[in-house]
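Look at the sequence and the model below before reading on. The paragraphs after it go through a few parts in turn.

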Amino acid sequence: MPDAFRIITSVDEAERSATAGALRVRNAWLQSDESPFGVHDDDDQIRGYLYVKHELLATARDVPRLTKALDQLKVEAEPEHVDDLGVVRLRFAAPPPEGDRPRTVPDLLPLVRRLLAEDDEQRPAHVSPNHVFAGEPFYDGGPANAARPSRTKSSVKGRLGKGVHVAVIDTGYTRDIHPYMDDHITSTGEPELDAQPKDGQIDYEAGHSTFVAGMILRRAPQSEIDVAEVLGPAGFGTEHDIAQAISAHAGANVINLSLGGYTEDDQAPLLLDAALRRVHPGTAVVAAAGNNASSRLMWPAAFKRVIAVGAIDATHERAEFSNYGWWVDACATAVDLVGPFPRFPHGVDAPEFDGWAIWSGTSFAAPKLSGEIAARLSTRRFGTARDAAASLVNDPTRQHLPGLGTLLAL
């Protein structure tokens, strides 16, 4: 075996080992009592999904029926006020146990639906879990690999993107590391980098929005980016919070959703559907297709209103981790990309991460497209961002890859 090949193999194995270790820590936290989220495994994860413990979602008109059904099951629920999306979140205390084990949301739903089907109204009711999504998801959520420190840096310069507003709905953005980015990014708060769990190591998706925004600014350096923090540093966020952020940024030119997840019975998530209906008709909504090497529908990418982006490698083959299927609209290279990242840990002369990282995943293919849409819109050759997106995704002169859509050389 040539020495060069032996070195490459050992580096790859080391990377996989580090990623596996980081995932074990993350998933142990996810399934711990500290986590507010539950994991529903069904048929060897074929129909598994993540959900918020002790919460349900229902359309506003179905809340009285749902509350009555929960009362019959001795579950005391507290509905929130109705917002402009017409979907209500109901929070409840732990339901009475089933035998010798706690009763979960997936246990409760079929009981609730049976009671709703038997009530006097005789019409279907819309009730679902408050699903949990993650940045660059595979089944339990997570990037294709863990971020790795990079000593290589990338530069941002150019005039494209001026006057274009991009919303990045993601983790929190870490300021005071990249001055150019700070000048073009609006964000609130200072995200923690070691919190889920707090163990002295950088959390699995801390820095995610910084890397995503860097991909956008590389294509559209003068664009204005509004980062909305809906994912914690471990990368998990709720359907409710993501929907609220989409609604709040419904007028942006481009909305980038480098996040996603699976749902109960693969049905369209109730609140995300309502939020996307509020988005301005000219807004381009771009989402990562996911990193589970699967054709299972990943939401929100699978919505027809959304442009789903998969990942390819340098040879234009499907990246081994990328999801695929009829619902994926486009693909771009997203293996071993170099991008901006926070510093971690703080206050040391030689931090493990010094502002740059190497990362892979469909989460970084999606913002490449978002950035290119912003760049094209700024040329004023297109009336809306959706028109600019169509010029890329629906271009008949571009190569089309089965299960990955239009190949974009970005």
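Which residues in α6 meet which residues in α7? Glu239, His240, Ile242, Ala243, Ile246 and Ser247 in α6 meet Leu270, Leu271, Leu272, Ala275 and Leu276 in α7, where contact means heavy atoms within 4.5 Å. The residues of this contact divide into 8 nonpolar, 2 polar and 1 charged. Here Ala, Val, Leu, Ile, Met, Phe, Trp, Tyr, Cys and Pro count as nonpolar, Asp, Glu, Lys and Arg as charged, and the others, Gly among them, as polar.

This is a predicted model, in which local features need pLDDT of at least 70 and side-chain atom pairs count only at pLDDT 80 or more, while totals for chains, interfaces and linings use all residues. Residues are numbered from 1 along each chain as its sequence is written, and side-chain values use heavy atoms, with hydrogens and water left out. Helices (H or I, at least four residues) and strands (E, at least two) are DSSP runs, numbered from the N terminus.

Two packed helices are described by the angle between their axes and the distance between the axes. The axes of α6 (residues 239–248) and α7 (residues 270–277) come within 9 Å and cross at roughly 0 degrees. The two helices α6 and α7 are therefore roughly parallel to each other, a term for angles under 35 degrees. Axes are lines fitted to C-alpha atoms, for helices over the stretch in contact, and angles run from 0 to 180 degrees between N-to-C directions.

Next comes helix α9 (residues 385–393), in which Ala385, Ala388, Ala389, Leu392 and Val393 are buried. Buried means under 20% relative accessible area, exposed over 50%, and partly exposed in between (1.4 Å probe, protein chains only). Seen down the axis of α9, its buried residues fall within an arc of 125 degrees, so they line one face of the helix. The arc is that of the directions from the helix axis to the C-beta atoms. Among the elements that these buried residues pack against are β11 (254–257) and β13 (284–288).

Strand β11 is covered on both faces: Val254 and Asn256 are buried on one side, and Ile255 and Leu257 on the other. Strand β7 (residues 165–170) pairs with β11 in the parallel sense over 3 bridges, pairing being defined by at least two DSSP bridges between the strands. Val168 stands opposite Asn256 in β11. Strands β11 and β13 also run parallel, joined by 4 bridges, and Leu257 stands opposite Ala287 in β13.

Methods. Parallel < 35°, antiparallel > 145°, perpendicular 65-115°, else oblique.
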